[in-house]
Amino acid sequence: MTTENKSIVGRALAGLVDTGDVDTLASFLSEDFTHHRADSSTSTKAQWLAAVRAALGPTAGMRVDILHLLADGDHVVVHSRRRLPDAGPEIVVVDVLRIADGFIAEVWEIIEPAGQAAANGAWWAAAA
């Protein structure tokens with residue numbers, strides 16, 4: 001099951017990352033798909049796909065390096081580094097996807113600007 005789930009996520013992301021193909025991504029999402037953000041906001045399939053389409057212009061030419069693609073049961077984790085062209089900002093993203101009945105049913109997305117990683121981790125040092 002985990003290999004199959006990784007394949008579903010890999011195929012869903014390949015078109016989007018390589019060519020900006022949102023329709024192929026959409027075909028891998030369940031009808032009751034939910035997207036979760038770190039700020040506790042959520043969006044429906046239609047809302048999220050609209051946001052993805054809108055982001056394609058400002059992120060044209062973005063380089064996406066998938067660093068890890070891990071699966072356990074019905075969950076797949078994608079850890080990626082994304083850079084805008086011409087030395088633009090860089091972010092690190094962790095997506096946790098839940099697969100149900102062969103479709104992506106939910107995604108939890110955590111985004112951190114790479115340049116702020118040290119500052120965002122400072123509270124660990126204070127606890128030690």
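Colleague: Which element supplies the largest share of the lining of the largest pocket, and what makes a residue count as lining?

Modeller: The largest share comes from α3, with six residues, and a residue counts as lining if it has an atom within 4 Å of a pocket point. This is a predicted model, in which local features need pLDDT of at least 70 and side-chain atom pairs count only at pLDDT 80 or more, while totals for chains, interfaces and linings use all residues. Residues are numbered from 1 along each chain as its sequence is written, and side-chain values use heavy atoms, with hydrogens and water left out.

Colleague: Why is this space called a pocket rather than a cavity?

Modeller: On a 1 Å grid over the protein atoms alone, a cavity is a set of points where a 1.4 Å probe fits but cannot get out, whereas a pocket is an open set with protein on both sides within 12 Å along at least five of seven lines. The space is listed as a pocket, so it is an open set. Its lining has 37 residues, with Leu16, Val52, Met62, Arg82 and Glu109 nearest the centre. Elements giving two or more residues to that lining include α1 (2–19), α3 (45–56) and β6 (103–113).

Colleague: What makes a set of residues a nonpolar core, and which residues have the most contacts inside the largest one?

Modeller: Such a core consists of Ala, Val, Leu, Ile, Met, Phe, Trp, Tyr and Cys residues that are buried and joined through side-chain atoms within 4.5 Å, where buried means under 20% relative accessible area with a 1.4 Å probe and protein chains only. The largest core has 19 residues, and Val9, Trp48, Leu49 and Ile104 have the most contacts inside it. The largest contribution to this core, four residues, is from α1. Leaving aside residues up to four places away in sequence, Leu49 touches Val22, Leu25, Ala26 and Leu29, a contact being heavy atoms within 4.5 Å.

Colleague: How do you know that β5 and β6 pair, and what are the partners of β1?

Modeller: Two strands pair if DSSP finds at least two bridges between them; ten bridges join the antiparallel β5 and β6, so they meet that definition.

Definitions and conventions: Points joined across faces, edges and corners; volume = space filled by probe spheres on them. Buried < 20%, exposed > 50% of the residue type's maximum accessible area, 1.4 Å probe, protein only.
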